[in-house]
There are 2 protein chains.
Amino acid sequence: MNTPLIGSAIIGQSGGPSAVINASAYGVIKTALESEYITKVYGANHGIRGVLDDRLMIMDEEDPKELEKMLYTPSSALGSCRYKIADPDYDDTDFRRILEIFKKYNVRYFFYNGGNDSMDTCNKISKYMARVGYDCRVIGVPKTIDNDLYGTDHCPGFSSAAKYIATSFMEVSRDCHVYDTGMITIIECMGRHAGWLTAAAALANLTGDGPDLIYLPERDFDMDQFISDVKRTYEATGKCLVAVSEGVHYADGSFVSEAKTSGTDGFGHAQLGGLASRLASVVKASTGAKVRGIELSLLQRCAAHCASGTDIEESFNSGRVAVESALAGHTDKMVGFRCTRDENGYKCSYELFNLSDVANTEQKVPQEWINEAGNGVTRGFIDYCLPLIAGETSMVKKNGLPDFVQLKKVFAE
Amino acid sequence: MNTPLIGSAIIGQSGGPSAVINASAYGVIKTALESEYITKVYGANHGIRGVLDDRLMIMDEEDPKELEKMLYTPSSALGSCRYKIADPDYDDTDFRRILEIFKKYNVRYFFYNGGNDSMDTCNKISKYMARVGYDCRVIGVPKTIDNDLYGTDHCPGFSSAAKYIATSFMEVSRDCHVYDTGMITIIECMGRHAGWLTAAAALANLTGDGPDLIYLPERDFDMDQFISDVKRTYEATGKCLVAVSEGVHYADGSFVSEAKTSGTDGFGHAQLGGLASRLASVVKASTGAKVRGIELSLLQRCAAHCASGTDIEESFNSGRVAVESALAGHTDKMVGFRCTRDENGYKCSYELFNLSDVANTEQKVPQEWINEAGNGVTRGFIDYCLPLIAGETSMVKKNGLPDFVQLKKVFAE
C-alpha cells in the first residue's frame with residue numbers, strides 16, 4: 001500500500017438523486033475533513049460540470065452540525081448533472097481541463113457519487129490521470145435507486161426507495177380495499193431496464209397488503225396475458241392491485257408506455273400520461289371496473305422521510321470507506337457491498353470493485369426470483385430485500401417538517 | 001342532561017378514507033368499551049350498508065392491544081361505503097330497516113365517522129329516530145382530508161394529508177432543483193371543490209423548498225395566465241414548481257381536467273391521465289422546457305407513515321368526545337374543533353355542532369388567504385395550517401414496515 005498523498009479532495013454527485021445520496025457524500029466529506037492528509041475538501045457544484053466550470057464549494061467552511069443534516073436530506077445537496085464525458089481517446093478536452101483544475105487545487109483525491117454513468121466517468125478520469133502521470137486517487141461511491149450496478153449486493157438508495165414503495169403499497173392497498181364495491185388499482189414504479197423497485201412492492205405482501213400482480217422488465221410483457229391476469233383476480237376477489245415497472249416492454253423490445261397502438265386498447269394516437277394511466281384505460285375498457293392508475297414518479301426516489309435506517313448507515317459508510325481506501329492507496333475502484341443473510345441475520349461488509357467491471361454493466365433481477373407466470377416474485381427476492389429496509393431515519397423535524405441541510409456554498413476563488 | 005341510556009353502540013365509517021379515520025373510530029370504540037352503560041360495541045361493516053345488511057362486528061371480541069393499532073392504520077378498518085341514503089320523507093325503507101336492526105341489538109348509541117354525506121346520513125337517522133320515538137343518540141365524528149366541513153376549525157384527516165403534501169413538496173423540490181438544466185414540475189393535489197390540500201403545499205415554502213405557484217378551485221382558472229405565470233418563473237430561475245388542485249375550473253365552471261379543448265392546448269380529443277399530465281403537456285408545448293406532471297393521487301390520503309401527531313390525537317379525541325357527549329345526553333350533533341392560535345400557541349377544544357348545519361355545507365379556503373394574483377396563499381393560511389401538522393406518528397414498525405391493525409371481525413349472530 002502506498003502512503004497517503006497530501007493534497008485536497010473533490011466530491012461530486014451525478015445522475016438522478018436518491019433519498020440517501022447525501023448520506024454517502026456526507027460519509028466522504030466528514031471522513032475527508034477529519035483526515036490529516038487531506039488539506040481541503042471541495043464539493044463540485046453539479047458534478048463533473050462543477051469541476052469543468054471551476055465551481056468548487058469549500059466544505060471546510062460549512063458548519064459541521066449543518067453538514068450532519070445531509071444524512072437525512074434527499075437529492076444531491078452539491079447539485080447534480082447528466083453530463084456524459086467524452087472518451088479521452090477521441091476527445092480529451094474535458095480531461096485536460098479536469099487535470100488543470102486538479103493541479104490548480106492540488107487535488108489528490110477524487111470521489112464521484114452516482115450510478116452507472118458516474119462510474120464510467122470515474123473510470124475514465126482515473127485512467128486518464130494514470131496515463132498522464134498525475135498522482136490522484138479516484139474512487140466511486142455508488143448510488144442508484146434502480147439497484148442495477150454490477151458486483152455489489154445492492155446499491156445505496158435502492159433500499160430507501162424499496163421501503164417507500166412497500167409502505168405506499170401497504171397504505172394504498174388498505175385504501176383501495178375499503179369499499180364494498182370493486183376496484184382495480186395499477187401502480188407504476190421506476191426502473192427502465194431492471195425491475196428491482198417494482199419487485200419491492202412484494203414486501204407489502206408479508207402482511208397481506210401487497211400487490212396481487214407484479215410485472216418486471218426482466219420478462220416480456222404480453223397485454224392479453226396481463227388483461228387476463230387482472231380479470232381473473234378481479235372476478236375472484238372484486239379487487240386487484242397491480243405493481244408494474246415503467247420499463248415493461250413487448251417481446252419486440254418496444255416499451256408498453258410508448259407503443260402507439262396495442263392489440264387491445266385500440267387507441268391510434270400517442271397518449272398522454274404514463275404507463276399506469278395507459279394500462280388503467282386498457283383494463284377499464286376490458287373489464288368495465290373502476291380502475292385507477294397511480295405513478296409513484298419522483299416521490300419514490302426522494303422520500304427521505306421514509307428512508308431505511310440500514311440504507312442511511314450503509315450509504316454513509318460507503319462514503320467513509322471510499323476515503324479510507326483512497327488514503328490507503330487504492331484508486332480506480334468503486335465501494336460496494338458484500339452481504340450475507342443466514343441464521344445469524346444480515347451482515348454487510350464493504351469491498352472494492354474494479355470501476356472498469358462496474359461501469360456500464362447492468363444488474364437485473366435474477367430470473368429465478370420471478371415466478372413462472374411472470375406476474376410475481378419468489379421468496380428468494382423477499383429474503384434478499386427485507387433486511388435492506390430495516391430501521392428508520394433519525395431525520396430531525398422542525399415545525400412538523402423535515403429540517404433539510406442548507407449549505408452556505410462558499411466557492412473557492 | 002339526560003341520564004345515560006343502557007344499550008349497545010354502533011360505530012360506522014363512510015366515504016373516502018384518511019390516514020386517521022381509524023384513530024377517530026378507535027376513540028369511539030375504546031371509550032364505548034370502557035363505558036358501564038354501553039353493553040356492547042358493534043362495528044358496522046362498510047358503514048350504513050353493514051347496518052342495513054346486518055353485518056355487525058363485535059368490537060368487544062377484539063384484542064385491545066390490536067385495536068390500539070387503529071391509531072396508526074390508514075383507511076377504514078371497519079370498511080367504508082358510498083351509499084347515499086334516501087330522504088325518509090320520500091322513501092323510508094332504509095330507515096325502517098335501520099330501526100329494526102337498532103331494536104334487534106338494542107342500539108342506543110350510533111356514531112358515524114365520515115365527511116359531508118356521512119353527516120347528512122347521521123342527521124337523517126337522528127331525525128327519523130326522534131320522529132318514531134326510538135330513544136337513540138346519534139353523533140357524527142368528522143373525517144375528511146378535503147377539510148370542507150362547515151363549522152369546525154378543521155377536519156380530522158386534513159392535517160395528516162397536509163403534512164404529507166408539504167413534506168412531499170419539500171422532497172420533490174430538492175429533487176427537481178438538483179440539475180443545472182431547466183425543469184418545470186406540476187403537482188396535482190386532491191380537492192374537487194376546496195383548495196385546502198393544495199394550499200398546504202405552501203408550508204414547504206417556509207424552508208424555501210415549496211411551490212412557486214399555487215392554484216386553488218376558489219379562483220377561476222385562466223390557462224393563459226397560468227402559462228404566463230409559469231413562463232415568467234421559469235425564465236427568471238430556470239425552474240418552476242407548481243401546486244394545482246384537481247378541482248381547478250374555468251370561469252364557466254368546467255373543470256380544466258375534463259375540458260375537451262382549451263384555448264391553448266389545441267387538443268381536440270379527450271385526454272388520458274389527470275390534470276397534472278394535461279397541464280404538463282400544455283406547458284411543454286408553450287415553453288419547450290422539460291416538464292413533469294405528478295399526481296399525488298391516493299397516496300396523499302392514506303400516508304399514515306407521515307401522519308400528523310396532532311391529527312392523530314385530535315382524531316382520537318373527537319371519537320372519545322362523541323361517546324362522552326352521547327352518554328351525557330346529546331344527540332343530532334357532530335363533534336368539531338374550536339381552536340385558538342396566539343402568543344400562547346395553538347389550543348384545540350372540542351365542541352358540538354348541529355348536524356343540520358354541517359350536512360352538505362362546504363367550507364372553502366377564505367378569499368383573504370389567497371393572494372391577489374390567485375397563484376399563491378397568504379401568511380394567514382400558513383398560520384392557520386402550521387400547528388396542525390406538528391408532531392409525529394408513533395406508528396409501530398415490524399420488519400421495517402408499518403404494523404397495521406388486523407381485526408378478527410367476529411360478526412354478531
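Predicted model: local features only at pLDDT ≥ 70, side-chain atom pairs only at ≥ 80, totals over all residues.

Helix α8 (residues 223–237) of chain A lies across β6 (183–189), β7 and β8 of chain A, and it runs at about 150° to β8(A). Helix α9 (residues 275–287) of chain A also packs on the sheet, where it touches β6, β8 and β9 of chain A. The direction of α9(A) makes about 170° with that of β9(A).

In chain A, 4 strands form an open sheet with parallel pairing, and their order is β7-β8-β6-β9. Neighbouring strands here are turned against each other by 15° on average, direction ignored.

The side chains of A:R320 and A:E324 meet in a salt bridge, at 2.9 Å from N to O. Both belong to helix α11 (residues 309–327) of chain A, and because they are 4 residues apart, about one helical turn separates them. Side chains of opposite charge can pair when their charged atoms come close. Over all chains, the structure holds 48 salt bridges.

Next, turn to chain B. Its open sheet has 4 strands in the order β7-β8-β6-β9, again with parallel pairing. At the edges stand β7 (213–215) and β9 of chain B; each has a single partner strand, so one side of each is left without a neighbour in the sheet. From one strand to the next, the twist averages 15°. Inside this sheet, strand β6 (residues 183–189) and strand β8 (residues 239–245) of chain B run parallel, joined by 7 bridges. Two helices to look for here are α6(B) and α9(B). α6(B) packs on the sheet, touching β6, β8 and β9 of chain B, with its direction at about 165° to that of β6(B). α9(B) touches β6, β8 and β9 of chain B as well, and its direction makes about 170° with that of β9(B).

Finally, here is how the chains meet. The contact takes 63 residues from chain B and 63 residues from chain A. Between them the chains bury about 5,200 Å², with 61% of it on carbon and sulfur atoms. The interface of chain B and chain A has 4 salt bridges. A salt bridge to find is that of A:E392 and B:K397, whose side chains meet at 2.9 Å, N to O. There are also 28 residue pairs in polar contact between chain B and chain A. On the side of chain B that touches chain A, the elements giving two or more residues are α6 (158–176), α9 (275–287), β9 (291–295), α10 (299–302) and β13 (401–402) of chain B. Of these, α6(B) gives the most, with 11 residues. The residues on that side of chain B divide into 29 nonpolar, 21 polar and 13 charged.

Conventions
Residues numbered from 1 in each chain as written. Chains lettered and ligands numbered in written order. Heavy atoms only, no water. Contact = heavy atoms within 4.5 Å. Buried area = accessible area lost by both parts, 1.4 Å probe. Polar contact = N/O pair within 3.5 Å; in protein donor to acceptor, adjacent residues only side chain to side chain. Nonpolar A, V, L, I, M, F, W, Y, C, P; charged D, E, K, R; others polar. Pairing = 2+ DSSP bridges. Axes fitted to C-alpha atoms, helices over the stretch in contact; angles between N-to-C directions.
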